Number of protein chains: 2
Amino acid sequence: MSDLLVVGSVALDTVKTPFGKVKEVLGGSATYFSYAASFYTRVRLVAAVGADFPPEHARFLQDRGVDVSGLMTSPEGKTFRWTGEYGYDLNEAKTLDTQLNVLAEFRPRLGDDARRTPYLFLANIDPDLQLDVVRQMATRPRLIALDTMNFWIQGKREALQRVLREVDVVTINEGEARQLAGEPNLIKAARAIAGMGPRTVVVKRGEYGALMLTESGFFVVPAYPLESVFDPTGAGDTFAGGFMGYLAAQDSLDGSTVRRAVVYGSVMASFTVEDFSLQRLARLKPPEITERYAAFHDLIRLPG
Amino acid sequence: MSDLLVVGSVALDTVKTPFGKVKEVLGGSATYFSYAASFYTRVRLVAAVGADFPPEHARFLQDRGVDVSGLMTSPEGKTFRWTGEYGYDLNEAKTLDTQLNVLAEFRPRLGDDARRTPYLFLANIDPDLQLDVVRQMATRPRLIALDTMNFWIQGKREALQRVLREVDVVTINEGEARQLAGEPNLIKAARAIAGMGPRTVVVKRGEYGALMLTESGFFVVPAYPLESVFDPTGAGDTFAGGFMGYLAAQDSLDGSTVRRAVVYGSVMASFTVEDFSLQRLARLKPPEITERYAAFHDLIRLPG
C-alpha cells in the first residue's frame, strides 16, 4: 500500500437537479477525490479554503483518515464557490456562477513528506500550477495522473501540453477529449492525447461509463445501471479517487490491476451520484464496495 | 441450427454523412437484418418492393443464401425511399425525405413454410402489421423479437402495446425506450418496457453500445471502438440480425448464449458502419467476425 497525494480544489457547491436543491454544501475536486480514495489507501490533500470554511468539513475528511495538514486556510479569503444546475439529461452541468475566491491566489506548497508521495493526482486546476506541483516533487512519483477541463483547454493549451508531457495518466471528459485533440472521433482523439505524453488516457463518459487507452489497447466499461441518479456533481473526481486509490493500494500498474482500478473508480462514482454532495459516500460501508464491484463484474461478464 | 424469418422493409436510401454521399443505394431494415443474419443461419425475408427495384439487389441477398421468395414485387408500385443526413455526431440521423411508396400498402402474407419458422424478427413496420404476422404463424415461434421507432410510439401506441404483449424480445433505441416508457431514467424505462410484455429488452445506444435487461438482470456492452465511422445507417438492424442470427444458429436461449448474441450483434453493427449501405458487409469474410469477436472479448474483459 502506497500513499497518494492530491492537489486540487475544495469548494462550497450550490446545486440544483430535477430531484432537489442544496446550498453551499461540501464539494470540490480534491474533496471528492480524497474521500473516495480514502477507502483504499492513505491520502494527503493539498488545497486552499477561506476563513468561512466550516471546520466540520475538514473533520469529515480527517475522520476517514485523510491527511488535511496541507489544507491551507487563508484568513482573509473566502472559499471557492460553484453554483450549477442539471436538467433531466444529467450528463452535463450548466454552470450558473463561479466565485474563485482563494482559488484565484492558490499556490500549492508541498511539505517534505508530500514531496515524496509515490502516487500523485493533479486535480483540475490551472495547468501551470499542476506543472509547478510536479516540479516540487523530490522524487519522481511512480504514477502521476492529471485531470483537466474545457476552460484550460481553451485558455491555456500550451501550459496544458507542457504538463501533459510530464504525466502518466490523464482523466478527461468525453467532450473535452474531443476538444483537446481537435478530433470528433473519440478513438482517434484518445490516441492523439496519448501522443501528447500520457501513456494512459481515461475518458469519462458520464452515464455511459469510461474508456481507457493503454499501450496494450482499449478497455471500455459502462456506468453501473442506477434507477435513481440524484446529482452527478463530483462523479468524475470520485471516479479518479477510486481509480488512483486502488492503484496506490495495490502498488501495481500491470494491465489487470489498471482494468480493475477503472471498475473501482466506476463503483465509487456510482455511489456519489446517488445523493447530493458527499452524503452517499459518507454513509458508504466497505462491504457495499465489494458487493457493487461483484455486481459490476457480472454486469459486463461475457461468458467465454 | 434453426431458420429465421424477418418481416420488414427493403429500401433505396440516399444518405449524406460528413464523409461522403450515396444515392438510392440498397437499404431497409429487413435487408440489413437478413444479410447480417445470413452469416449465422438460414434466413427468409418477407418484404415488398416496386418494379423499379434493381434485380441485382435481390441476387445480392440470394448469393448469401437469403430466401427472397417472400420479396413481393408490386408491378405498379415504386420501392420505399429514405433520404437522411448525419452530422459529426453520427448518433442521430436527420430524415430529409421519406417516400413510403409500396410500403404504404404492404400487407405481409406468409407462405406455409414461413408460418412454421422457429425464430421471427418483426423489423420496424406498423405495429398492426407486426401483430398480423404473429397471428399468421402456424406454430408459436420459439422466439419473437420486435423493433420499433418513435413514429409508431407516438402515432400507434395502443397497437404497439398489443403486439408487445406477444413478443419475447424488443430491440429499441435509447431515446425511443425513454419515450415508450415515459421515463427519463433508462434503467427504469427498460424495466417498464419489460412490464409491457417482452421478457428481454435490448436498448441500442449507438456509439455507446447496447444494454440488455433479462429476467436475470442487466448486461451492458460498449460499441466496438472504431477509428472511422462512415455511415451509421442500418447499424441497429444489423445488430438485430447478428443477435437473432446467432440465437437461431445456436437454437438456445440460455443466459450465456443471449449475452454472446448481443456481442455478435455489436460485432456485425461495427462492420456495417465502416462503409455506406451494405458495402462493408458485402466484403466481410467469416474469419473477420471471429477476429472481431475475440477483440471485443478482450475489450471488455475484467480480470477476476
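**Notes on the model**

1. Chain A holds 11 helices and 13 strands, where helices (H or I, at least four residues) and strands (E, at least two) are DSSP runs numbered from the N terminus. This is a predicted model, in which local features need pLDDT of at least 70 and side-chain atom pairs count only at pLDDT 80 or more, while totals for chains, interfaces and linings use all residues. Residues are numbered from 1 along each chain as its sequence is written, and chains are lettered from A and ligands numbered from 1 in the order in which they are written.

2. As to overall form, the C-alpha trace of chain A spans about 60 × 40 × 40 Å along its principal axes. A compact globule of 304 residues would have a radius of gyration near 19 Å, and the 18 Å of chain A agrees with this; the radius is taken over C-alpha atoms, and the globule rule is 2.2 Å times the number of residues to the power 0.38. Of the 304 residues of chain A, 53% count as buried (a residue is buried if 20 or more other C-beta atoms lie within 10 Å of its own, exposed if 12 or fewer, and partly exposed in between, with C-beta atoms placed from the backbone).

3. In chain A, an open sheet of 4 strands runs in the order β3-β2-β6-β7, with mixed pairing; two strands pair if DSSP finds at least two bridges between them. Because β3 (20-27) and β7 (94-99) of chain A stand at the edges with a single partner strand each, one side of each is left without a neighbour in the sheet. Strand β6 (residues 80-85) of chain A is joined to β7(A) by 5 bridges, and the two run antiparallel; here Arg81(A) stands opposite Gln99(A).

4. How is strand β11 (residues 200-204) of chain A placed, enclosed or open? All of its residues, 5 of the 5, are buried, so β11(A) is largely enclosed by the rest of the structure. Both faces are covered, with Thr200(A), Val202(A) and Lys204(A) buried on one side and Val201(A) and Val203(A) buried on the other.

5. The partners of β11(A) deserve a point of their own. Strand β10 (residues 169-173) of chain A pairs with β11(A) in the parallel sense over 5 bridges, and Asn173(A) has Lys204(A) as its bridge partner there. With strand β12 (residues 210-214) of chain A, β11(A) pairs in the antiparallel sense over 4 bridges, and in β12(A) the bridge partner of Lys204(A) is Ala210(A). The hairpin of β11(A) and β12(A) has 5 residues between the strands, and in this hairpin Gly206(A) takes a positive phi near 55°.

6. Between the chains, 23 residues of chain B are in contact with 23 residues of chain A, contact meaning that the C-beta atoms of two residues, placed from the backbone, lie within 7 Å. The elements that give two or more residues to this side of chain B are α7 (186-194), β13 (217-221), α9 (255-272) and α11 (286-300) of chain B, and α9(B) gives the most, with 4 residues.

7. A rotation of 180° with 0.0 Å of shift along its axis superposes chain B on chain A, with an RMSD of 0.0 Å (by least squares on the C-alpha atoms of residues with pLDDT of at least 70 in both copies). The two copies are thus related as by a two-fold rotation axis. The same surface serves both copies, since 100% of the contact residues of chain B recur in chain A.
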